[in-house]
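Please open the structure in your viewer and keep the sequence panel beside it, as this tour moves from one selection to the next.

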Amino acid sequence: MKEAIRLLIVAVMMLTVSLNVNAQFKKKENNRVPDRFHMGIRGGYSQSTGDVSSIGFPHGGIGVDFQVAPIPLFLETGLYYMNKGQIDWDGDDEDHLGYVPLLMSYHINLAPNLFLQPFAGGIAGYLGTTENFEAAVRVGLGFNFGRLYANTGFDLGLIEHEKYNNRWTNYNAFVTIGFNWAGSR
């Protein structure tokens, strides 16, 4: 839990610094408005941490975001798959998650085609192996360069699970890359 709190503090500090950077880049000739809608494919690597046996695993899905305010504030969602770790400590039973994120992000213009996107929100989904509902708080930082997208972040599990006489809460760090086929900046 201490590690999760540390990562949350780092994410908040990154958000604070990025908003400060945005204030310094307010020149009209360099500022570009992001497209109001993006959709694309995402893939990456996730690493479970915390109470479960740590396991690295690929994850991916389809992401969508759209502007919800006159400022570049976006609502992000999509449909994804992620492995939440090894839950059978004597074997190799892994917990697979299909989930939908609901995140808010702010698109900060750093260069003509480069946007910094701090985000925070929640995810909800279904764990296939344990047949349980999963929910987590998600924080992170994304980058958008033209049609290319990348992000990194951390999930703080909200639900305690039980199976095989074990109890655990899921925590995951992730890194994602992707390509937007709709919306270029």
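Begin by selecting N180, which, once its neighbours within four places in sequence are set aside, is in contact (heavy atoms within 4.5 Å) with H38, M39, G40, R42, N144, R147 and Y149. This is a predicted model, in which local features need pLDDT of at least 70 and side-chain atom pairs count only at pLDDT 80 or more, while totals for chains, interfaces and linings use all residues. Residues are numbered from 1 along each chain as its sequence is written, and side-chain values use heavy atoms, with hydrogens and water left out.

Stay with N180 and colour strand β9, residues 166-182, in which N180 is found; strands here are DSSP runs of E with at least two residues, helices are runs of H or I with at least four, and both are numbered from the N terminus. Is N180 buried or exposed? With a relative accessible area of 1%, N180 is buried, where buried means under 20% relative accessible area, exposed over 50%, and partly exposed in between, using a 1.4 Å probe and protein chains only.

Next, show the side chains of N180 and R42, which make a polar contact at 2.9 Å; such a contact is a pair of N or O atoms within 3.5 Å, and within protein one must be able to donate a hydrogen and the other to accept it, while residues adjacent in sequence count only if both atoms are side-chain atoms.

If you colour the lining by element, β2 gives the largest share, four residues.

Now move to L141 in strand β7, residues 132-145, which counts as buried at 11% relative accessibility.

Finally, show the whole chain, which has one helix and nine strands, running α-β-β-β-β-β-β-β-β-β from the N terminus on. Of its 185 residues, 45% are buried.
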